Amino acid sequence: MTPHDEPPRNPIAPTAAIPCATGRDQTVQFLEMKGITKRFPGVLANDHVDFQVRSGEIHALLGENGAGKTTLMRILYGLYQPDEGKIAINGKAVTIRSPREATALGISMVHQHFMLVPPLTVAENVILGLKSTREPWLNLGEAQERIAELGRCYGLRVDPRARVWQLSVGEQQRVEIIKALYRRAELLILDEPTAVLTPQEVQEFFTILRQMARQGQAIIFISHKLHEVTALSDRVTVLRDGQVVGTMLTSATDRQRLAQMMVGREISFQRYKDPVNKGEVALELQGVWAQGDKGLPALKGVSLTVSQGEILGLAGVAGNGQRELAEVIAGLRPATQGKVVVGQKDVTNRSPAEIIAQGMSYVPEERMRVGTIVDFSVAENAILETHGQAPLARGWFLDYQAIGRYAEKLIADFDVKTPSQDTPVRHLSGGNVQKLILARELSRSPRLLVAAQPTRGLDVGATEYIQKRLVEQRSKGTAILLISEDLDEVLALSDRVAVMYEGQVVGVMPTSEASVEELGLLMAGVKKQLPA
Amino acid sequence: MVEQLLAQGFIIGVLATSIRLTAPMLFAALGEMFAERAGVLNLGVEGIMLMGAYFAFWASFTSESPWLGLVAGMAIGGLMGLGMAFISVNLRANQGISGIGIYLLGWGLSSLFFRLTFGAISGVAGFQPVNIPILSAIPVLGPVLFQHNVVVYIALLLVPLSYVVLFKTTFGLSLRAVGENPEAADTMGIQVYLIQYVCVILGGILAGLAGAFLTVGQMNMFVDNITAGRGFIAIALVYFGRWSPYGILAGSFLFSIVDALQMWMQVIGFGVPYEVLVMQPYILTVLVLALAVGRSGGPAALSKPYVRGGT
Amino acid sequence: MNRKMLGFALALLVPLSALAACGPTPVPTAAPVVVTKEVPVVVTATPAPTKPAKVFKVALILPSTMDDLAWSQSMYQGVKKVKEEMGPAMEFTVSENLYKIVDAGAAIRDYAGKGYDLVIAHGSQYQTVVRDIAREFPKTSFAYGTGFQTGPNIFAYDPQAQQGGYMLGMLAAGMTKSGKVGIVGPVKGGDAIKYNEGFKQGVAAINPKVIVLETYTGSFAEFVKAKEMAATHMDAGADVLTGTAQQSVSITKAAAERKGVYMLCSDMDQSKLAPDTVLASQIYQWDEVVRRMITLNKSGILGGERLVLDFSGGKLQLVYNPKLEGNIPKDLKDKVEKAKQDIISGKLEIKLP
């Protein structure tokens, strides 16, 4: 749908408190940013960026990490001041010095990490920071009514009395949007909003956004998921290296072209064509149970096999036991029941060192906290697991020359961009840290690789590289358990797909037989496929 | 022995004593609760109490008005709270260490001032018990609840008052949000630093009041280190009470009643070694704290200085 | 930085004062007693001596403060008295509030390392730490008490607190109307246990039917608890109270706030705090002990002697509050006086269990 063939305004009668229909003139430019330039030491983050948003349109802002999207939005939200350039709201020039001023101008931002206070109720979260009608006393009853009203208008169903920590991620996102609407936001900035949602939730979310746009809301949709951008937005602006590559009607472009604009070269969406060449079973899980961090069961009888030469993709919404499963396999979390077999050996509740010795490699979810020691150098991180072995060590002493040569090779092989091998990992970008971890883990020619969220938060270029290396490794005969919340990635790379829901594997199927719809139903727990 | 334990005089004695023991801990713990709810761990309560104790004593000695003593104790407490707020909010110092610094400063200064101004232990009249008409005549309940000095009643009334402020006002909502997720609060236009300042100063005022209670409402004199660790117990009580006013009331009353009980058991001559008896309140505290571990409930951003837009 | 500056200033001052001393009218200035909480900085404006007479340096480690109206203050006053006698020939530094043995140990070691001649660690709890440090500094005299185990360079002083306790116990038994008297003790040990034992025997000597309520706070400095405990005693019917350690001021204060209750003190006379309540006190005369240790040290004997404080040597004394002395029946007072004479002559010995 384009903004040109708008349906008539929403027929629901406006209420005294918050009208459902905003009655805004949708032909006007709500926001105009002109010639925005922002320099940081050594970086030109925004280079004369022009950007406009009309009321009632969904405008996608596309770009790789570091392209300048975040900087531009932070300027708009008053967190940064531009070095050059002008901002106009409804045709009037404005200076936005703080988020508070942005809010006053009708600009609201839904952050990637929700800005919610989990122990408080939905209503309390929504009215946070607002004056009450009965100051200094809270007026929660009134807030609850207005939230219910908004929910009816936009299909944003959520119980205003529920505590936020009890809500699903999708519901929490709705609370964020309600917060913005409650403050009469006219422009909503959504930063990677679908990263946390199931495919079904994404569909529902898009429906809500479209309805909001119909009612005159301007929406900036920041994403690097091309198919979502093409499915949702009216217009797209692509940023690269701080500059606008182009702004166009979504209907007049396609994924391939957008990707090319974003990266500056052609991107292949086809990962591999090799037929599966399954070898021996490298990982076998038999009825594994384990507890989560809060002492409740996080895994409830997980059984899986992964053979050498195949990638098993493990899909699921975050928090359904994927992280705990990876930790059990890696020996970082005890299994309370069941068996973990790596190679031919039972390694249930063995130490990580013993499991590594069985040929397991692990790319953890939290690459900066678990995967590396951020204050150690690139070279030191490269040898974290093998430092005790020749030729890196002689007796008790590390042979720094050998380590240097070894690190040099890994850096070159995996295209890790670092000023030097002595640079602390802290200073590397996420993509380069992940490349370094992968280099380290693959250098041991593992029998089994457990990769948890290997491309999360990485830009398109780094993602492509990591994915390519994973597929190559599969062809070399490694069994790969790929844990990912990105369904596209799972479908693109895996030979088989398994879905986890609430600590159980609710379905396993060959990728060729899997559809997004079916996986979505499994991920949402609506459907359960029991392996025959 | 059992008859003695069940005797009315014994029960009244234990309960009345425990209410007197509760009052200073209530003041200090409720104050600390506000600071911690706003995300600032103030380990300097003990030092602030000592300063409050000294200044209250000095003011009421000089003016012969215990009320002025209370005001002086609260004023110096607020001032020390301001110092703690500056150190933890603006300088973002490690709150554990700066709290200990405040404690040592408070102890040292109160000791020094006392020596400079008095030089010898002396007493003041202090607050006298007020028998609330009619109510104080009720058997058992009267002597337990309604024959205390006015500051004890203030301490008890502060509990529901704190509850209302915390859960029924916009200010309370803001401060709870600040302690849980200052970044979210900031994006919602709440002035995080201002809230933290207000709460830490409020905590200081109440700690000063707790100290003032000791010197002009309970001991009627000042001696060096008069608090003897009550400020630290108050901090433990905040955890014990799960950061809620009624929880803190229950915790401090439980602690005091066990303490009062062991005193009475010693007086009666219960035949248990006194070492075992004097440990009771502390054993209880450790037990409850140990059992309370794992139950979440503390403000998520407690003792983490907030920096806008960064880590 | 500051400390360095101070050092500079002092370094300048010393030759200046020496110059001044060479002037026509040398003014003999008594070296002031400088009291610090931590590192002692003793400013001695002593004229440069023509024949080098060594200044005797004494350090005093106190568990509480020197104005606690009890244990610490009594010793402080004893040392101060000696200092006043010796004048510039003695230097005197105090460190207070070192109840914790670890902290006290650091201070003791510091003083010994700085060349102090006599380091007095005023508490029975310091026995082991003194023993350890004394081995490292064989040329320094150390002292501690209450205790009796000595060492080649360790003096132990041992107040016979049970003697005064006995006499005060007699007074308590004779003065109580309710037939109940109360002891609010700190911890069961050291000086307190001796005193309490003597007190109980004294009560029994006058009237075995009088009940002694005996409780302990578990601390020397739990002022609030000591006061509440004293109140508990009085609620339970006690009308004569006693107790030791610095927290005893709380007992005195508690007794003073009720009518018809007497307080009996030990260590120091607290009648100034409660002139209508404190009936009598056992007081410690430490100056004798300090003088003796200095003399021994100067003659080359650095330790090895147990110094007993008792009534026969006059180092323990019983004083009545003149304001209330008249309330005591004559025959009771006579009995107490007789007990005192028997104790002095050795006819009566208060046995400790």
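Let me start with chain A, where six strands form an open sheet with mixed pairing, in the order E6-E7-E8-E3-E9-E10. At the edges of this sheet sit strand E6 (107-110) and strand E10 (243-249) of chain A, each of which pairs on one side only, and from one strand to the next the twist averages 20 degrees. Please keep in mind throughout that what we are looking at is a predicted model.

Within that sheet, strand E3 (residues 58-62) and strand E9 (residues 235-240) of chain A run in the parallel sense and are paired over four bridges; to give one of the residue partners, His59(A) is bridged to Arg235(A) in E9(A). Helix H1 (residues 69-76) of chain A packs on the sheet, where it touches E3, E6, strand E7 (187-191), strand E8 (218-223) and E9 of chain A, and the direction of H1(A) makes about 150 degrees with that of E8(A).

Now to chain C, which also has an open sheet of six strands, in this case ordered E7-E6-E8-E9-E10-E12, again with mixed pairing. Its edge strands, each pairing on one side only, are strand E7 (211-216) and strand E12 (316-320) of chain C, and the twist here averages 15 degrees from one strand to the next. Strand E6 (residues 180-185) of chain C pairs with E7(C) in the parallel sense over six bridges, and Gly182(C) has Leu213(C) as its bridge partner in E7(C).

There is a further pairing in chain C, between strand E5 (residues 154-159) and E11(C), which is parallel and extends over four bridges, with Tyr157(C) partnered by Leu307(C) in E11(C). As a rule, side chains in a regular strand alternate between the two faces of the sheet.

Let me turn to how the chains meet. Chain A and chain C do not touch, their nearest C-alpha atoms being 34 Å apart, and of the two pairs of chains that do touch, chains B and C have the most contacts. How many residues does each of these chains bring to the contact? Chain C gives 35 residues and chain B gives 32 residues, and together the two chains bury about 2,800 Å², with 59% of that on carbon and sulfur atoms. On the side of chain C, the residues that lose the most area to chain B are Val224(C), Lys225(C) and Glu228(C), which together account for 22% of what that side buries.

The elements giving two or more residues to the side of chain C that touches chain B are E7, helix H7 (223-235) and helix H8 (248-256) of chain C, and the largest share, ten residues, comes from H7(C).

I will finish with two individual residues. Ser136(B) lies in the loop between helix H5 (95-117) and helix H6 (141-145) of chain B, and is buried, with a relative accessible area of 13%. By contrast, Arg135(C), in helix H4 (residues 127-136) of chain C, is exposed, with a relative accessible area of 60%.

Technical notes. Residues are numbered from 1 along each chain as its sequence is written. Chains are lettered from A and ligands numbered from 1 in the order in which they are written. This is a predicted model: local features need pLDDT of at least 70, side-chain atom pairs count only at pLDDT 80 or more; totals for chains, interfaces and linings use all residues. Side-chain values use heavy atoms; hydrogens and water are left out. Buried means under 20% relative accessible area, exposed over 50%, partly exposed in between (1.4 Å probe, protein chains only). Two strands pair if DSSP finds at least two bridges between them. Axes are lines fitted to C-alpha atoms, for helices over the stretch in contact, and angles run from 0 to 180 degrees between N-to-C directions. Contact means heavy atoms within 4.5 Å. Buried area is the accessible area (1.4 Å probe) that two parts lose on being put together, summed over both.
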